[in-house]
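I want to look up the pockets here and then step back to the whole fold.

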Amino acid sequence: MQGGISLEKYQMPRDFLWGGAIAANQAEGGYKLDGKGISLADLHKYYPDKSNAEIAEEQHKGMSIADIKANLADTTGYYPKRKGIDFYHTYESDLELLSEMGFKTFRTSIDWTRIFPTGEEEEPNEEGLAYYDRLIDKIIELGMEPIITILHYETPVEITLKYGGWNNRKVIDLFVKYGKVVLERYQAKVKYWIVINQVNLIQFEPFNSTAIPYDTVDNYEEASFQAVHHQFVASAKLAAYAKMINPAMMIGTMMADCTAYPYSCDPDDVNLALRRNRMQYFYTDVQFQGEYPQYALNYFAENDIHLVISDEDRQLLKEHPMDYLALSYYYSQMVDASKNTMSPSSVTPNPNLKVNPWGWAVDPQGLYNSLSQYWDRYHKSIIIAENGFGMYDQLEDGQIHDDYRISYLSEHIAQMKRAMYDGADVIAYCAWGPIDIISCSSAQMEKRYGFIYVDLDNEGRGSGQRIKKDSFDWYKQVIASNGEIL
């Protein structure tokens with residue numbers, strides 16, 4: 001019992017924000033329209049002959065300068081994120097479908113290359129801003145709280161080619177210039193901001209995260225952590241600016257949950273899990289507590305990682321921490337000290353869990369664990385910025401029966417409620433990809449998450465028609481009951 005109330009009788013806060021999340025680069029399309037530049041996402045090619053495992057390996061590897069130039073010059077390959085689901089033109093009707101489900105919030109990103117096509121322009125592109133004026137106004141008109149990500153894997157490719165990516169300190173000012181424009185423009189309309197999507201994924205999605213070509217640096221891990229440091233500094237500068245122009249704005253950092261269980265009670269497994277998890281909390285330790293923890297400094301020293309951190313940087317981080325945590329959670333991980341290393345991508349399959357076709361282990365209790373650990377460590381409000389089940393959906397007689405998605409989401413929401421019952425201040429739940437979009441990691445359309453089916457295949461063929469899945473009415477009921485009916 002808690003305050004005389006059992007978990008079964010726990011009621012969600014009446015102002016809880018139920019909704020969903022997408023990224024501009026995975027949905028909008030509108031490639032080069034209205035002055036848009038080329039982002040890293042526009043370089044993501046679809047390879048029909050590669051397996052899911054091979055596609056994942058490509059993501060872990062990143063891109064070289066030769067890869068970038070080849071993809072820029074390619075006139076025959078298919079680049080799905082250039083087309084997306086044409087949300088750039090269909091956003092009004094798509095948002096109306098989400099509103100029909102009762103959405104209280106909608107998370108999306110502003111594509112940096114719509115505002116500053118190369119990142120270096122002195123003045124922003126007004127056509128790009130006008131689009132986001134219309135989009136955000138429509139979100140608000142439909143009664144949804146906008147949650148806006150300033151950078152969601154949409155760094156301009158020119159920043160990679162000219163500056164080598166985020167490990168170049170000059171990128172801080174270019175990004176802050178862009179961030180100030182959108183914070184200023186939408187300060188009266190957007191309360192919740194996520195500065196950088198999943199700031200910790202430098203080992204899983206290194207190129208998306210840091211924009212560093214792997215063949216331009218000698219020590220990629222060092223360059224990646226230097227890039228993250230520059231992102232920390234940029235985030236602190238934007239937090240300071242936001243509080244200056246409108247103290248009511250909430251500026252958050254975002255993590256993908258990459259914490260791990262120990263494989264067994266063997267002290268070596270427990271110790272490896274502890275050390276691995278600390279290097280995940282490193283990102284939020286810096287952005288919430290305002291300083292580099294000793295365990296991280298030790299890790300850098302032991303692995304020949306030398307970061308350039310100025311006294312001004314340290315002061316900025318100390319004085320301007322993030323307001324809240326945005327968290328993405330899809331699956332849990334496990335480590336075996338006899339097999340695994342400190343690398344976040346070095347994991348051991350959990351024999352107790354089932355996986356989806358992409359190898360993601362389904363573990364609802366892992367969400368309870370993650371939320372509880374973050375809450376206990378920081379006592380910062382939490383937005384579940386992404387949670388979802390990627391799966392092959394079958395269209396049969398005009399219908400999609402996705403009981404597997406309903407099961408996954410209902411069990412995860414139940415565990416979210418359990419964490420809230422235990423004290424975690426979770427203020428929003430955003431199901432990932434509430435309308436089918438291009439997969440971030442695989443560039444596949446068939447890796448679907450949505451409550452709404454989009455009739456397009458992996459190579460962009462199809463009518464683009466929107467079709468409600470069984471999960472559409474299920475989630476509508478969840479929202480209407482404020483999480484009572486799962």
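This is a predicted model: local features need pLDDT of at least 70, side-chain atom pairs count only at pLDDT 80 or more; totals for chains, interfaces and linings use all residues.

I started with the lining of the second largest pocket, which divides into seven nonpolar, seven polar and five charged residues. My sorting rule: Ala, Val, Leu, Ile, Met, Phe, Trp, Tyr, Cys and Pro are nonpolar, Asp, Glu, Lys and Arg are charged, and the others, Gly among them, are polar.

Residues are numbered from 1 along each chain as its sequence is written, and side-chain values use heavy atoms, with hydrogens and water left out.

What is a pocket, by the way? On a 1 Å grid over the protein atoms alone, a pocket is an open set of points where a 1.4 Å probe fits, with protein on both sides within 12 Å along at least five of seven lines; lining residues have an atom within 4 Å of a point. Points are joined across faces, edges and corners, and a volume is the space filled by probe spheres set on them.

Back to the second largest pocket: I noted a volume of about 350 Å³. It has 19 lining residues, and H44, E58, Q59, G62 and M63 lie nearest its centre. At least two lining residues each come from α2, α3 (65–73) and α9 (206–210), with α2 giving the largest share, four residues.

Next I looked up the largest pocket, at about 980 Å³. I found 44 residues lining it, with H60, F204, Y331, W358 and W360 nearest its centre. Here α2 (52–61) and β8 (333–335) each supply at least two lining residues, and α2 has the largest share again, six residues. This lining splits into 24 nonpolar, 16 polar and four charged residues.

Then the whole protein. I got 16 helices and twelve strands (DSSP runs numbered from the N terminus: H or I of at least four residues for helices, E of at least two for strands). Its radius of gyration is 21 Å, close to the 23 Å that the globule rule gives for 486 residues, so the protein is as compact as a globular protein of that length. That radius is taken over C-alpha atoms, and the rule is 2.2 Å times the number of residues to the power 0.38. The C-alpha trace spans about 55 × 55 × 50 Å along its principal axes.

Last entry: 60% of the 486 residues count as buried, meaning under 20% relative accessible area with a 1.4 Å probe, protein chains only.

How values were computed. Buried means under 20% relative accessible area, exposed over 50%, partly exposed in between (1.4 Å probe, protein chains only).
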